[in-house]
Structures are given as C-alpha cells and as structure tokens.
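Keep the sequence and the 3D view open as you read.

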Amino acid sequence: MTKHRLPFVFIAAALLAASAASAQARSTISCESREYRYNRCEANTAGYARLLSQQSQAPCIRGQTWGYDDRCIWVDKGCAAEFEVGGGSRYYDRPQSYPEPRGYPEPRGYPEPRGYQEPRPRY
C-alpha cells in the first residue's frame, strides 16, 4: 500500500466503526404502571428492549406485565422498571404485541371453585 492511500484507509475504518456504533446506540427509560393500570412510555426501541432493573414489588414479566413495539414500552399490573432500548435486531428479538387496555380494576382473587351441588328440593 502506498503512503498516499494509508490515511484514506484509516479514515474509512474510523467512519465504518462510528456508523456501527451509532446503529447499536442504546438508551435507558423508566416506565411504571400506576395503580396497577396499563401505561405506555414513548421510546424508540428500534426492535429491542430489555429489563435492566425492576423498581416495583409487583412482578415484571415480559409479555405479561411489560412489552414493547417500535414506538414504546408498555407496562401493566403494577410493574415498574428501568429498561434498555434501541439498537436491536428485528430478526432475533421480535417486538411484543399490545395487550388489551383495561379500564376496570384487576380482581384481587376469587375463592377456590367447589363442585356444583344441586339445590335441595323444598317440600
């Protein structure tokens, strides 16, 4: 390689490394479900999100109480956490779909079902 081409090779390599780093740029976002309700937090996920640290007593389970798409992170049922977003590959880490938003309180629990008993006849 000649002396005149060597600087161009270094510049090309530096530009290639810079573009690869910007394509993988990731950031963090906090998102919380207040009063156990569904919430969306706007974020450019670029097809990638992962939970960094849970900040709630309620569990944060991907696909159940949190998920994402290209535009946001969603949380539900009391999940609060910090997430890493951006820079992922759509082919290896597919985005989650939205759950149905609920406008009603989540039931806290039902008694265990018992076997059906026929009513007694009245004589």
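**Strand pairing in two sheets**

Strand S1 and strand S6 (residues 80–85) run antiparallel and are joined by 6 bridges. The model is predicted. Strands of a sheet pair through backbone hydrogen bonds, in either a parallel or an antiparallel sense.

**Sheet S1-S6-S3**

- This open sheet has 3 strands, in the order S1-S6-S3.
- Its pairing is antiparallel.
- Strand S1 spans 27–32 and strand S3 spans 49–54.
- S1 and S3 are the edge strands, and each pairs on one side only.
- On average, neighbouring strands here are turned by 30° against each other, direction ignored.

**Sheet S2-S5-S4**

- A set of 3 strands forms an open sheet in the order S2-S5-S4.
- The pairing is antiparallel here.
- The edges are strand S2 (39–42) and strand S4 (66–68).
- Each of these edge strands pairs on one side only.
- From one strand to the next, the twist averages 20°.

**Inside the S2–S5 pairing**

- Strand S5 covers residues 72–75 and pairs with S2 over 4 bridges.
- The sense of this S2–S5 pairing is antiparallel.
- Which residue in S5 is the bridge partner of Glu42? That partner is Cys72.

Technical notes
Residues are numbered from 1 along each chain as its sequence is written. This is a predicted model: local features need pLDDT of at least 70, side-chain atom pairs count only at pLDDT 80 or more; totals for chains, interfaces and linings use all residues. Side-chain values use heavy atoms; hydrogens and water are left out. Two strands pair if DSSP finds at least two bridges between them. Axes are lines fitted to C-alpha atoms, for helices over the stretch in contact, and angles run from 0 to 180 degrees between N-to-C directions.
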